[in-house]
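Please look through the structure shown here with attention to its charged side chains and to how they pair with one another.

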Amino acid sequence: VVKVVDLSEAAHIERELMLIKVRATGKDREEMKRMADIFRGRIVDVTESTYVMELTGSATKLDSFIEAIDRSLILETVRTGVSGIGRGDRILRI
């Protein structure tokens, strides 16, 4: 870490990345594809029984995705935490 800046006082953009491994067999396979599409996620790994999906967005969006799918299908979840950048002409100077 070179510098930490509190962006919450000015206009900024925040995103978080989540990788989530889900069970994807039978009817759940199509449902997981549909949910990835709805939340604008991508399926980045496919096996006979699982999908790994990549989703980015606000923490609220990622939480909503987890709430929208059957929790028993979730095998593993990894999240980066929030990253942000100032909007417009605002530039981080080191």
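Is Glu31 buried, partly exposed or exposed? In this predicted model, Glu31 has a relative accessible area of 30% and is therefore partly exposed. Its salt-bridge partner is Arg34, with the closest N and O atoms 3.0 Å apart, and Arg34 is likewise partly exposed, at a relative accessible area of 43%. Glu31 and Arg34 are three residues apart in helix H1, which means that about one helical turn separates them.

A further pair belongs to helix H1, which spans residues 27-38. Here Lys33 forms a salt bridge with Glu30, the closest N and O atoms lying 3.6 Å apart, and because Lys33 and Glu30 are three residues apart in the helix, about one helical turn lies between them. Lys33 is partly exposed at 35% relative accessibility, whereas Glu30, with a relative accessible area of 53%, is exposed.

Glu16 lies in strand E1 (residues 12-23) and Arg79 in strand E4 (residues 74-79), so the pair ties together parts that are 63 residues apart in sequence. Glu16 has 7% relative accessibility and therefore counts as buried, the cut-off being under 20%, while Arg79 counts as partly exposed at 30%. Glu16 and Arg79 also belong, together with Asp63, to a network of salt bridges. The pairs described here are among the seven salt bridges that the structure holds.

Technical notes
Residues numbered from 1 in each chain as written. Predicted model: local features only at pLDDT ≥ 70, side-chain atom pairs only at ≥ 80, totals over all residues. Heavy atoms only, no water. Salt bridge = Lys/Arg side-chain N within 4 Å of Asp/Glu carboxyl O. Helix = DSSP H or I, 4+ residues; strand = E, 2+ residues; numbered from the N terminus. Buried < 20%, exposed > 50% of the residue type's maximum accessible area, 1.4 Å probe, protein only.
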